[in-house]
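Let's take a walk through this one together. Have a look at the picture first, and then we'll go piece by piece.

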Amino acid sequence: MRVPNSVVLPVGTHVDCCQEQEVAEKTRDIMARITAMLAERKNNLAHFIDNLEGSEEPKFYVDQWEKLKEMESCTLTILNLVAVNCTDHCDIKKLEATILKHVKNEELFPEVVRVLPPVYRQVESAIVDIAQSEEMADHGMMDLQYLVSKLSQHEHLASLGRELLQDILRYLHRIGLVVWYEEIKHLESTVFLQPTFLITMFKLLVRHHLVQQLESIS
């Protein structure tokens, strides 16, 4: 919801625990809930923006107003839900094929047809090597300046400038190879070479009933 031009593919798991009719009903219900959630978000943003614009001192809220307007302009494409049985290899292959079909859709992902300079592929390959090296910690976090120095050790990347590297990192962030939160001040100098580590962290911290579980601790 905060990333411009996001494309989301909902995936429903545990199909093996449901009857065939249940899968169809739950699919319709989930898609309806997502539609309602997006409509509510749109209304809430419009309400907050109206409140700021109608305040007695609107000039004091310019930063908040700009942030809300930016969020309001973020488009979100929701694809049809894919229901899978994770214990069935055929279903996993079906999900993989569906993802690849959508990724190759030029309307959804214009980057697919972008012709990249050879240095993009060279940096991508070098980063993969660094991420898989024995010296790389499991969390995969690396200081941006240190990454520049590591990449410059490759003969064909010795003249790689920081500005060009940042452009390449933005591209690699968009395709999901790395995660780089350049817009967050405290994280702008850190590159996550192992995005799966972040997923693991988020799964631990952001989950259903977390608040209730914490409140139940005396």
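A residue is called buried when its relative accessible area is under 20%, exposed when over 50%, and partly exposed in between (1.4 Å probe, protein chains only). Helices (H or I, at least four residues) and strands (E, at least two) are DSSP runs, numbered from the N terminus. What you're looking at is a predicted model, where local features need pLDDT of at least 70, side-chain atom pairs count only at pLDDT 80 or more, and totals for chains, interfaces and linings use all residues. Residues are numbered from 1 along each chain as its sequence is written, and side-chain values use heavy atoms, with hydrogens and water left out.

Start with helix α1, residues 20-53. Its buried residues are M31, I34, R41, L45, I49 and L52. They pack against α2 (62-73) and β3 (76-78), with contact meaning heavy atoms within 4.5 Å.

Now for the charges. A salt bridge here is a side-chain nitrogen of Lys or Arg within 4 Å of a carboxyl oxygen of Asp or Glu, and the structure holds six. One of them joins R121 and E124, at 3.3 Å between the closest N and O atoms. Both sit in helix α4 (residues 118-132), three residues apart. R121 is exposed at 56%, while E124 counts as buried at 15%.

Over in helix α6 (residues 162-174), R170 and D167 are also three residues apart, and their side chains meet in a salt bridge of 2.6 Å, N to O. R170 pairs with E182 too, at 2.7 Å between the closest N and O atoms. That pair links distant parts of the chain, since E182 lies in the loop between α6 and β6 (190-192), twelve residues from R170. Shared partners join D167, R170 and E182 into one network.

Methods: The expected span of a helix is 1.5 Å times one less than its number of residues.
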